[in-house]
Amino acid sequence: MDILAHLLPAGIAAHAPVLLVVIPLILAPIAALMPSGRIAWAISLLAAFLVAILALVLLGEVSQAGSVSYHLGGWAPPLGIEYRVDALNVPILLLVGFVGLLCTIYALPSVADEIEPGKQPMFYSAFLVCFTGLLGVTITGDAFNVFVFLEVSSLSTYALVAMGGGKDRRALTASYNYLILGTIGATFFVIGVGFLYMATGTLNMVDIARVLAEDGHSRVTEAAFAFIVVGLGLKAAMFPLHVWLPNAYAFAPNFVTAFLASTATKVAFYVLIRFLFSIFHPEVTFVAASFTWIFAVLGTVGMIVASAQAIFQTDPRRVLAYSSVAQVGYMMLGLGMGTKAGLSAGMLHLMNHAMMKGALFMALGAFALKFGVRSIASLNGLGRTMPVSASAFTISGLSLVGVPLTVGFTSKWYLILAALDRDWWWAVAALIASSLLALVYVGRMLMAIWMEEPPSHQGKAIAASTAPWAVVVPMSILALANVYFFFNADPLVHLANAAAEAVMGGR
C-alpha cells in the first residue's frame, strides 16, 4: 500500500480526489472537438488511464489514513463542498476506474462498427461526461452534489443509449423510457435531499448524520428516507423499479452496455448504502424495518422473478439484462440482512458481478462485431468459429451461475453464510433457486455456443475467427479475473470487509 501512495508526486497526489473528477470533465469537450473518432478515443483512453492511477493512489492513502477529506476552494465543510474518500467508496472508485479503462480499450473497434464516423467524437465526449458523473457521485461528501452528479451521468447516458439507434431504432424508445424513469428517480431523490436540508440545515453528509444523531428523527426525515429509497431504487434497478433496464441494455451500443452493466447500478447501490448507514443509521426504527421488509423482501423476489424472466428471452442481451436485475437482488438481500457480514457479502458480489457482466457483454459485442449476433439461435457453433470469445463468455457465464472455481461462487457463498448467521433459511433457499434458474438461461446459451453446429455459407463451414485485439484483451482480463479472484479472493474480501466496517463499526 505504501507503493500505491507514492505512484504520483506528493503535490499531485494531494489533489487526487478532485483530479479524479476534473480530468475526464475537462477532456470531454476536447474529445468532442476532435476531427476523428480515433483521436477522441485516444483522449478517452488517456482520461480512463489517469483515473485508474488516481484511484490506486487514493486506495493507498485510505489504507494509511483511514479516510481522505478534500475541501474544494479551501472552504472547510460543512460550509464548503467536501470530496471524501473512505473504505466504503474507494472500492467503487477502483471499479469505475479500471472497468472504465478496459471498456475504453474495447471501444475502439466496437464504436467504429456501431457509430457513424462523424458522430464518434461526440459519442466519446458523452462517455467522458458519464464517466465524470459516476466518479463524482462516488466521491462527493455533499448530498446535493450527489444529485448533480447523478444527473450529469444520467443525461449523458440517455444520449449514449440513443446512439444505438444507428443499428436498431428501438434504442431511441429505450432511451426515452430510460429518460422518463430516470428523471422520476432523480426527482424523488432531490425531494428527499430537500427534506433532509429542511430538517438539518446542512447538505454535508457527515454533518447531516451528526445533526440527526443529536436531534433525532422526525416525520420530515422519515419522508426524506422514503423519497431517497425510491429515487435510488430506480437508479439501481431494484425490483420492481427496474423496467427501464432490459431495453436500455439490449439496444444500446455494445460498449455502452458493457460499461453501464459493470458500473452504473453499482454506483447507485453504493449511494444507497451511504445514506442508509452513514446518515440515517440502521438502529433507527424505520430504517431497521426497511432492511427486512423492503430490501430483503424485494431483493429476494427480484432474484427469482427476474431470473425466471431471463429464461424466456430470445435476445442474449435481454437475457443478461434481466440477469442484472436478479444480481441487484443479491446485493439488496445482503443489504437487507442489516449485518456487517451481509453488507460485506453484498459489496463483494457488487465487485464480482462487475467482472462477470463486463466480460459477458464484451463477448456478446465480439459476436455481434463479427457475425451480427442478436438472438440465442445466432450463437450456434460460435465455440468453433470464435473460440476465444466463446471461452470468455463460458467462464463468465459459469461465474454468473455460481459454479465453484469462479468468483460467482465466492460471493454467493458469503451471502449464504451471512444468511445463516441470521437463521434466514428462506434466503438460502432463494439463493439456491435463483442460481438454478441462472443455470437454465446460461445453459441455453452455452449449449447453443458449444453443442450446435455452426452456420454455413454457400454450403461451406464458416472459418474460425478472432475478434480484434482491442476486444480480446479487456474481455480476457475480465474473464480470467473471474477465476483468479476465486483462488486469491483475499484482496476483494478485504475491500468488502473494510467497506462494511467503515459504515457499521462494531455493529
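Visitor: Is Arg84 buried, partly exposed or exposed?
Guide: This is a predicted model, and the value here is computed from it. Arg84 has a relative accessibility of 27%. Buried means under 20% and exposed means over 50%. Because 27% falls in between, Arg84 counts as partly exposed.

Visitor: Which residue forms a salt bridge with Arg84?
Guide: The rule asks for a Lys or Arg nitrogen within 4 Å of a carboxyl oxygen of Asp or Glu. Here the closest N and O atoms are 3.0 Å apart. The partner of Arg84 is Glu82.

Visitor: How many residues of strand 2 are buried?
Guide: Strand 2 covers residues 82-86. It has five residues and is mostly covered. The buried count is four.

Visitor: How many bridges join strand 1 to strand 2?
Guide: Strand 1 is residues 67-71. The two strands run antiparallel. Pairing needs at least two bridges. Here the number is five.

Visitor: What span does helix 4 reach from its first C-alpha to its last?
Guide: Helix 4 holds 29 residues, 37-65. At 1.5 Å a residue, 42 Å is expected. The span in the model is close to that, at 41 Å.

Visitor: Which residue follows helix 4?
Guide: The residue has a positive phi. That angle is near 90°. The residue is Gly66.

Visitor: How many salt bridges are there by this rule?
Guide: Side chains of opposite charge can pair when their charged atoms come close. The pair of Glu82 and Arg84 is a salt bridge. The total count is seven.

Visitor: Which residue meets the side chain of Lys235 in a salt bridge?
Guide: The N to O distance is 3.8 Å. That is within the 4 Å limit. The partner is Glu151.

Visitor: How many residues apart are Lys235 and Glu151?
Guide: Lys235 sits in helix 10, residues 219-235. Glu151 sits in helix 7. The pair links distant parts of the chain, and the separation is 84 residues.

Visitor: Is Glu151 buried or exposed?
Guide: Lys235 has a relative accessible area of 12% and is buried. For Glu151 the value is 16%. The limit is under 20%, so Glu151 is buried.

Visitor: Which helix holds Arg210 and Asp207?
Guide: Arg210 and Asp207 form a salt bridge, with the closest N and O atoms 2.9 Å apart. They are three residues apart, about one turn of the helix. Both lie within residues 205-215, which is helix 9.

Visitor: Which residues do salt bridges that share partners join into one network?
Guide: Arg210 is partly exposed at 39%. Asp207 is buried at 13%. The network joins Asp207, Arg210 and Glu214.

Visitor: How many aromatic pairs does a search of the whole structure find?
Guide: Rings pair if their centres lie within 6.5 Å. With that limit, the search finds 24.

Visitor: Is the pair of Tyr158 and Tyr178 stacked, tilted or edge-to-face?
Guide: The ring centres are 5.1 Å apart, with 75° between the planes. An angle over 60 degrees has its own class. The pair is edge-to-face.

Visitor: How many residues apart in sequence are the parts that Tyr158 and Tyr178 tie together?
Guide: Both tyrosines are buried. Tyr158 lies in helix 7, residues 143-162, and Tyr178 in helix 8, residues 170-200. The parts tied together are therefore apart by 20 residues.

Visitor: What class of pair do Phe367 and Phe393 form, stacked, tilted or edge-to-face?
Guide: Their centres are 6.1 Å apart and their planes stand at 50°. Stacked needs under 30 degrees and edge-to-face over 60. The pair is therefore tilted.

Visitor: Which helix holds Phe393?
Guide: Phe393 is buried, at 0% relative accessibility. Phe367, its partner, lies in helix 15 (residues 340-371). Phe393 lies within residues 387-401, in helix 17.

Visitor: What is the area of the nonpolar surface patch made by Tyr176, Leu179, Ile180 and Ile184?
Guide: One of its members, Ile184, lies in helix 8. Ile184 is partly exposed, at 36%. The patch area is about 340 Å².

Conventions. Residues are numbered from 1 along each chain as its sequence is written. This is a predicted model: local features need pLDDT of at least 70, side-chain atom pairs count only at pLDDT 80 or more; totals for chains, interfaces and linings use all residues. Side-chain values use heavy atoms; hydrogens and water are left out. Rings of Phe, Tyr and Trp (its six-membered ring) pair if their centres lie within 6.5 Å; planes under 30 degrees apart count as stacked, over 60 as edge-to-face and the rest as tilted. Buried means under 20% relative accessible area, exposed over 50%, partly exposed in between (1.4 Å probe, protein chains only). Patches are made of residues with over 30% relative accessible area and no salt bridge: like charges are joined within 9 Å, nonpolar side chains (Val, Leu, Ile, Met, Phe, Trp, Tyr) within 5 Å. Accessible areas come from the Shrake-Rupley method with a 1.4 Å probe; for residues, only the protein chains shown count as cover. The expected span of a helix is 1.5 Å times one less than its number of residues.
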